[in-house]
Amino acid sequence: MAKGPYSDKVMDHFMNPRNMGEIEDANAIGEVGNPACGDVMKLYMKINDEGVVEDVKFKTFGCGAAIASSSMATELIKGRKVEEVLELTNEAIVEALDGLPPAKIHCSVMAEEAIEAALKDYYSRMGKDPKIVDEMKEKIKSKVVS
Amino acid sequence: MIYMDNVAGTKPDKRVVEKMLPFISEKYGNPSAHFYPLGRESFEAIEEARGHVAALINAKPDNIIFTSCGTESNNLAIKGVANNPEYKDKKHIIISEIEHYSVQNVALKLTNYGYEVTKLKVDNTGLVNPQDLKKSIRKDTLLVSIMHANPEIGTIQDIEELGKVCKEAGVIFHVDAVASCGHVEVDVEKFQCDLLSIASQNFYGPRGAAALYIRDGVRITPLFDGGFQEKGYRSGSENVAAIVGMGEAARIAKEEMAEYSKKMIKLRQKLWDGLAKMFDFLHFTGHPEKRLPGHVSFWIEYIEGESLLMWYSLKGVCAASGSACSSNILAEDEEELEASHVLTAVGVPNDICAGSLTFSMSKYIEEKDVDYVLEITPGIVNRLCEMSPYFNKK
């Protein structure tokens, strides 16, 4: 395949998206949009009693980078504990995709935000304040910095 | 590969390439060097090309100035007039909302130098209303610049009517005919225009050659100061091979355009009808009849333009998209991703449209190519709909 603006990995995930679809009995659903280009990503997770992401699926309205970022994000969080899932950054998604053009980095940010939105929904359903997700993220960030 | 992005540039005709080849090898003389045969043959070849280009648009050869591209022609036309001291008291310019960036951005830049710019609205098919133009013209209006055909939505303006309005008002009229020349009739007399831009790459000639028609009496200040090539309007050594190619492309277009455009209109209708039958959530853009011969453009609810474009590409079909995501993909910043101003201008709703797709055919397209596009479209659209959170199966 001729080299274009996207890496082979981005193209692979665009052509063969992993975990695309919906989960009917999902207990964590997050939907985010990017006003810059109109992309929308909806993420469904099934988190078990041990706090492990048993299943994850996505639906995305967006460009090649948005679809590939969604697909890669689901691969990176499937089977992980919620705490580990929150450690996932958009930079890690970009790295796993072998890079994105600078103007498309926001697609990976959208994937990270969709995960956060889904986990806020998860905690809300458990009767907890969804702000816990922000607090957990802050802790992770401060740990990384120190 | 099926190439259906001809508004971005056509495949050069073989006869054009053959005509050019000697001028990038043995016929390398500088056309300004008239005093020996090697230079003179380059000079004569350029003048022959000028004659062919002039004939294509019903102009006199003396009124044709060769440039490097459509953008340069548009810049030379607009800045050239605006910068001329003869017109220093007129500071109002009129363009339409759907002009190419090489007109829009030039006009925008001139606002930094005291010019006021009126952008005429278009209707939902992309047409400028001549009455709106008439009402917008003021005493200090210097120039009106309207494109003949829009490359994104295919609409062809009632340019003769617009020309008439400008002529009656005594304002300079520039027509960007880059997308239309070589596909439909472009006639500077019928258009009553004073300036007209065309580009070789859009009618089976090479990239790197374009022209600006300048009517007698219109004052233009050149963009570059230098020698006296192109009567001083465009200093710098000529790209002889490209100009020769443009001339040959113009000659061929003049002779054969009527025939191949007829064929393209037939294929356009087949593609249009085929797509119309497939999905009730597919919406065509532009005017249904007043449009470029081989041009079909549309947007699809629930689907983003770049993804659509990428899937057609993976299936071997080259098209164009007006989506934000496909614009300036190699930009350094996401803020540089902008949705098409043309789609916005024709009233395509922002919240449900994230881009259009344009198929623009050439004389090389055959019926089997259109059949193939129609064959692969349902698979591509269904796949992307399935992935879209907006799409609910009924």
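Into which domains is chain B divided? I looked this up in a predicted model. Chain B splits into domain 1, residues 13–253, and domain 2, residues 257–387.

**Entry: spacing and contact.** I took the C-alpha centres of the two domains of chain B next. They lie 28 Å apart. I then listed the residues in the contact. Domain 1 of chain B gives 31 residues and domain 2 of chain B gives 26 residues.

**Entry: buried area.** An interface's size is often quoted as the accessible area lost when the parts come together. Which residues of domain 1 lose the most area to domain 2 of chain B? I found B:E152, B:I153 and B:Y204. Together they make up 31% of what the domain 1 side buries.

**Entry: polar and charged links.** I counted 18 residue pairs in polar contact between domain 1 and domain 2 of chain B, both residues at pLDDT 80 or more. The salt-bridge rule finds 2 across this interface. I also noted the salt bridge of B:K363 with B:D13. Its closest N and O atoms are 2.8 Å apart.

**Entry: the domain 1 side.** I asked which elements give two or more residues to the side of domain 1 that touches domain 2 of chain B. They are α4 (101–110) and α8 (240–278) of chain B. I sorted the residues of that side by type. They divide into 13 nonpolar, 10 polar and 8 charged.

Conventions. Residues are numbered from 1 along each chain as its sequence is written. Chains are lettered from A and ligands numbered from 1 in the order in which they are written. This is a predicted model: local features need pLDDT of at least 70, side-chain atom pairs count only at pLDDT 80 or more; totals for chains, interfaces and linings use all residues. Side-chain values use heavy atoms; hydrogens and water are left out. Domain bounds come from an automatic or database domain assignment. Contact means heavy atoms within 4.5 Å. Buried area is the accessible area (1.4 Å probe) that two parts lose on being put together, summed over both. A salt bridge is a side-chain nitrogen of Lys or Arg within 4 Å of a carboxyl oxygen of Asp or Glu. A polar contact is a pair of N or O atoms within 3.5 Å; within protein, one must be able to donate a hydrogen and the other to accept it, and residues adjacent in sequence count only if both atoms are side-chain atoms. Helices (H or I, at least four residues) and strands (E, at least two) are DSSP runs, numbered from the N terminus. Ala, Val, Leu, Ile, Met, Phe, Trp, Tyr, Cys and Pro count as nonpolar, Asp, Glu, Lys and Arg as charged, and the others, Gly among them, as polar.
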